[in-house]
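Please look through the sequence and the structure shown below before reading on. The report then takes up single residues, the strands around them and the chain as a whole.

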Amino acid sequence: MYFINKVGWVGIKERKVLFDRKYSRTQFYIPGGVVYDGEKPEDAVVREVREELGVSLEPRTVKYFDIIEAQADGHPVGVVVKVRLFTGDYSGDMKPSNEIIELKWLTSADEIAVTPVGVLLLRLLKQKNLID
């Protein structure tokens with residue numbers, strides 16, 4: 001088994017969680033991405049949110065939330081993505097940036113629209129009564 005390590009931001013508003021969609025993709029992803037060598041996961045999620053959503057996470061509010069592992073979307077069977085999830089407050093006006101074409105607030109009823117990792121996140125948030 002091969003692991004891809006990533007970070008993700010869990011942004012919740014009005015009992016919905018934010019996902020984004022990249023150009024050339026049909027499914028929605030958890031905002032986030034790779035952790036560079038020598039980079040702390042907390043710093044990586046701040047950087048990725050700024051790059052993808054155009055907003056600034058306030059570093060003092062960034063907190064570890066959970067970790068999710070699932071089959072990596074678009075990779076051969078056995079390639080697993082491991083996403084360290086963080087929460088945190090942001091400032092600025094959110095808009096798609098860089099490779100992101102669309103932002104969408106989703107509920108647990110939207111499993112069909114997300115990747116395998118996204119499905120696990122929706123179920124976890126529903127179980128914790130954080131989203132509808």
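## A buried residue in a strand

Ile100 is buried, with a relative accessible area of 2%, where buried means under 20% relative accessible area, exposed means over 50% and partly exposed lies in between, using a 1.4 Å probe and protein chains only. This residue lies in strand β9; strands here are DSSP runs of E with at least two residues, while helices are DSSP runs of H or I with at least four residues, and both are numbered from the N terminus. The model is a predicted one, in which local features need pLDDT of at least 70 and side-chain atom pairs count only at pLDDT 80 or more, whereas totals for chains, interfaces and linings use all residues. Residues are numbered from 1 along each chain as its sequence is written, and side-chain values use heavy atoms, with hydrogens and water left out.

Which residues does Ile100 touch, not counting residues up to four places away in sequence? They are Asp20, Arg21, Lys22, Tyr23 and Glu52, where a contact means heavy atoms within 4.5 Å. Ile4, by comparison, is 96 residues apart from Ile100 in sequence, and the two are 20 Å apart in space, C-alpha to C-alpha.

## The sheet around β3

Strand β9 belongs to an open sheet of three strands in the order β2-β3-β9, with antiparallel pairing; two strands are said to pair if DSSP finds at least two bridges between them. The edge strands are β2, residues 12-13, and β9, residues 100-106, each of which pairs on one side only. Strand β3, which covers residues 16-22, pairs with β9 in the antiparallel sense over six bridges. Within this pairing, Asp20 has Leu103 of β9 as its bridge partner, and Phe19 stands opposite Lys104 in β9.

How much of β3 is covered? The strand is mostly covered, since five of its seven residues are buried.

## Residues with a positive phi

Most residues other than glycine have a negative phi, and most peptide bonds are trans. Ser24, although not a glycine, has a positive phi of about 70°. This residue is found in the loop between β3 and β4, and it counts as exposed at 75% relative accessibility.

Asn129 is not a glycine either, and it has a positive phi of about 60°. Its place is in the segment after α2, the helix of residues 116-127, and Asn129 is exposed, with a relative accessible area of 52%.

Leaving aside its neighbours within four places in sequence, Lys128 is in contact with Phe65 and Asp66. Pro31 is 97 residues apart from Lys128 along the chain, and the C-alpha atoms of these two residues are separated by 20 Å.

Tyr36 is found in the loop between β4, residues 32-34, and α1, residues 41-53. Is Tyr36 buried, partly exposed or exposed? At 47% relative accessibility, Tyr36 counts as partly exposed. The C-alpha atoms of Tyr36 and Ile131, which are 95 residues apart along the chain, are separated by 31 Å.

## The whole chain

The secondary structure of the protein chain comes to two helices and nine strands, and along the sequence these follow the pattern β-β-β-β-α-β-β-β-β-β-α. The radius of gyration of the chain, taken over C-alpha atoms, is 14 Å, close to the 14 Å that the globule rule (2.2 Å times the number of residues to the power 0.38) gives for 132 residues, so the chain is as compact as a globular protein of that length. Along its principal axes, the C-alpha trace spans about 40 × 35 × 30 Å.

Of the 132 residues of the chain, 41% count as buried. Among the contacts with a separation of 6 or more, 68% are accounted for by residues 24 or more positions apart.
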